[in-house]
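Subject: Structure for you, with notes

Hello,

Here is the structure I promised to pass on. Please open it alongside this message. My notes follow below.

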Amino acid sequence: MRQLQNNLQLGYGSVFLNYESTVILCELAGQFAIQGKRDDKSNYQKQLYSEIVDYVKLNTSIILHVSDIAARFGYNEKYISTLFNTFSGMPLKKFISKCKMEDASFLLSETSLSISEISAKLGYTDAHNFARAYKKHTGVSPSAFRESCAKKMIYHI
C-alpha cells in the first residue's frame, strides 16, 4: 500500500496505478481465501456452540440431558460435550444447571410463584430435588434466597 501511495505521489499514470491496485487486491483476496478455508470449521463450531447455548436458554422449562441436545443437533454426546467445554470452559451439563438456576433466581425474586410451581416450571419432578439442586448451585435454599430478596426490597439494600 505504501508503494502505491509513493507511486501516486511520484505521478505515475492512472493505468499503472490501477494495475498496481488490482495486484494488491488479488493478493488480499488470495490470502483471505486461504484463511477462510482454515476458519470454516472453526466458524461452524462457533455457530453450533451459539445454537446450543440459545437452545438451552430457551428450554429451561423442560428436562434437558446432554443426549437430548446431541440428538437435537445430530451429533453424538461426546462431540457436543467436548465442543461445548472447549468454547465455554464448562461442561454442558453444568451449563444446563446454571441456566435453570438463573431462571429460578429470577422467578424467586420477581414472582410470587411457590417453590413447587417454580420447580415444575423448570422441569423438576418435585420441589425437593429442585431445592437440593438450587442450594448446591447457590449455597442457599430457595426460600432463604426469596427472603433475602424480600428484605432487600423492604430496606432498599
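In which helix is Phe145 found? Phe145 is found in helix H8, residues 142-155. Helices here are DSSP runs (H or I, at least four residues), numbered from the N terminus.

First, the ground rules. This is a predicted model: local features need pLDDT of at least 70, side-chain atom pairs count only at pLDDT 80 or more, and totals for chains, interfaces and linings use all residues. Residues are numbered from 1 along each chain as its sequence is written, and side-chain values use heavy atoms, with hydrogens and water left out.

**Phe145**

Phe145 touches Ser105, Leu108, Ser109, Tyr134 and Val140, setting aside residues up to four places away in sequence. Contact means heavy atoms within 4.5 Å. Thr82 is another matter: 63 residues separate Phe145 and Thr82 along the chain, and their C-alpha atoms are 33 Å apart.

**H5 and H7**

The axes of H5 and H7 come within 10 Å and cross at roughly 100°. Axes are lines fitted to C-alpha atoms, for helices over the stretch in contact, and angles run from 0 to 180 degrees between N-to-C directions. H5 and H7 are therefore roughly perpendicular to each other. The classes are: under 35 degrees roughly parallel, over 145 roughly antiparallel, 65 to 115 roughly perpendicular, the rest oblique. From H5 the contact takes Lys98, Met101, Ala104, Ser105 and Leu108; from H7 it takes Phe130, Ala133, Tyr134 and His137. By class, that contact has six nonpolar, two polar and one charged residues. Ala, Val, Leu, Ile, Met, Phe, Trp, Tyr, Cys and Pro count as nonpolar; Asp, Glu, Lys and Arg count as charged; the others, Gly among them, are polar.

Lys98 lies in helix H5. The cut-offs: buried is under 20% relative accessible area, exposed is over 50%, and partly exposed is in between (1.4 Å probe, protein chains only). Leaving out residues up to four places away in sequence, Lys98 touches Met90 and His137. Lys98 and Lys57 are 41 residues apart along the chain, with 9.8 Å between their C-alpha atoms.

**The largest pocket**

Rolling a probe the size of a water molecule over the atoms shows where empty space is left. The largest pocket has a volume of about 520 Å³. Of the 17 residues that line it, the closest to its centre are Leu64, Lys93, Ile96, Ser97 and Tyr124. A pocket, on a 1 Å grid over the protein atoms alone, is an open set of points where a 1.4 Å probe fits, with protein on both sides within 12 Å along at least five of seven lines; lining residues have an atom within 4 Å of a point. Grid points are joined across faces, edges and corners, and the volume is the space filled by probe spheres set on the points.

Helix H5 (92-110) and helix H7 (127-138) each supply at least two lining residues. The largest share, five residues, comes from H5. The lining divides into seven nonpolar, six polar and four charged residues.

Ile96 sits in helix H5. At 7% relative accessibility, Ile96 counts as buried. Beyond four places in sequence, Ile96 is in contact with Val56, Leu64 and Ile69. Ile96 and Thr60 are 36 residues apart in sequence, and 7.6 Å apart in space, C-alpha to C-alpha.

Thr60 lies in the loop between helix H2 (14-58) and H3. Thr60 is buried, at 8% relative accessible area. Apart from neighbours within four places in sequence, Thr60 is in contact with Cys99, Lys100, Asp103, Lys121, Leu122 and Gly123.

Helix H3 (residues 66-73) and helix H4 (residues 77-88) have axes that come within 9 Å and cross at roughly 100°. That makes H3 roughly perpendicular to H4. Val66, Ser67, Ile69 and Ala70 in H3 meet Glu77, Ile80 and Ser81 in H4. The residues of this contact divide into four nonpolar, two polar and one charged.

Gln45 lies in helix H2. Gln45 is buried, with a relative accessible area of 18%. Leaving aside neighbours within four places in sequence, Gln45 is in contact with Tyr79, Leu83 and Phe87.

Best wishes
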